[in-house]
Amino acid sequence: LSRVRAICVSGTSATCLLARGLEASRPARMYDYDISSGDDGAASDRVADLIDRYVPEKHTARANTGSLAKLLLWIEERALSTDDDDDEASAEVLCHQSDYISMSLMHEGLDDGEKCTVTSDWHNCLKLGYDVREREFPAWMRTLLEEGAGVPNADSILPAAVVSPGEPFGAISPAVASRYGLSSDVALVGGTTDSNAAFFAAAGARPEAGTAVTSLGSTLAMKMLSGTFVEDAGRGVYSHRFPRFGSSEDDDDDDDEDDGLWLVGGASNVGCAVLRQEGFTNEELAELSAEIDPNSDSPLSYYPLTKKGERFPIADSAKQPVLTPKPDDRKEYLHAILQGIGDVERDGFRILGELGASPADPTIVWSCGGGSKNDMWISMRERRLREGGHQGGVEVRRAKNTEASYGAALLAAASFED
């Protein structure tokens, strides 16, 4: 550990808490906590009304599971402690999961009189309402918090700084360094979300536009690096500003909003969960996949949801699973399901292109998740992408590294590369 030079913390998007200094003042709310499921229905209704009145249409922060919605619900449930008195340490501040861990590494063991400040990052703050193009909390957000929610000073409850993922902003405390045998000058750098860290793990810290990552887990998630900002909250499509290494923040301030790269993506409810639902074992999947010709098409056209409702590439809460007609041959059934999932992936990248992603088609798709272990499926997906109007040269490969921890380590190292 004495060789460590920097630490980057990744955390699940929209997992957050309120803290007074290093003490959590309210129980954390996880990434999937929906404000409509709260015990106080009246408070949830008031939050929904505030979001409807103040948050721009189709904005990512309108989500019931976003960190802005969770913050507003905390405010409605009980007034926040603020720094409008002389005791700054009593003020409650919103922290994302990674923000809180970074703050603890930076301030633990220091004099209690020193105020802890929260530093967050572009990626975690997106669902809070942070404007990733202008790199600031927008005016509508301050109006919402102060006029709508009655917070005396919006800045007092928001992270004090929002930095680029991978950007150094402080150093670990002497107490932390001593406990873990770290150098006293280990830097803390801006964090990221787990899903974005997984993208860095698969694609590296310096990929080119057109690089994409598809996660073939229980559901299907697609991310692609684009030269343009893309957003369609109705379909869950949003853009994370991609960190630029080797340039100063002052240089970035002179850039146009579209200068640089954006990590755009969406997630479907279709995915590998349907294979378990239909009773396929790991052994059966391996045996039957070996018998399928990836260069042949199934005559069946499936939309293999596990239950009603789709979010991307189409937003249709009434969308029904299509898994019929069901052949007697299990191999043919598996062929049709895998083809159906692959076609959702193909259509997802097509939609990103239609929404303005640049390039309009991926040039390489790195695959991760359980489904990436299936070589036949990789070949099938590559062929269907090429035949579906995407660039003839698109390649689909299995990612060597997929863990979020690996991606966070790449971000920590990137700012210190010579």
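Visitor: Hi! How many disulfides does a search of the whole structure find?
Guide: The search finds zero disulfides, a disulfide being a pair of cysteine sulfur atoms within 2.5 Å. This is a predicted model, where local features need pLDDT of at least 70, side-chain atom pairs count only at pLDDT 80 or more, and totals for chains, interfaces and linings use all residues. Residues are numbered from 1 along each chain as its sequence is written, and side-chain values use heavy atoms, leaving out hydrogens and water.

Visitor: What about Cys 368?
Guide: Its closest cysteine sulfur is in Cys 272, 11 Å away, which is too far for a bond. Cys 368 also counts as buried, with 7% relative accessibility.

Visitor: New topic: at what angle do helices H11 and H12 pack?
Guide: H11 (residues 330-354) and H12 (residues 375-387) pack at about 45°, and their axes are 9 Å apart.

Visitor: Which residues make the contact?
Guide: Among them are Leu 338, Ile 341 and Phe 349 of H11, with Met 376, Trp 377 and Leu 385 of H12 (contact means heavy atoms within 4.5 Å).

Note on methods:
Buried < 20%, exposed > 50% of the residue type's maximum accessible area, 1.4 Å probe, protein only. Axes fitted to C-alpha atoms, helices over the stretch in contact; angles between N-to-C directions. Helix = DSSP H or I, 4+ residues; strand = E, 2+ residues; numbered from the N terminus.
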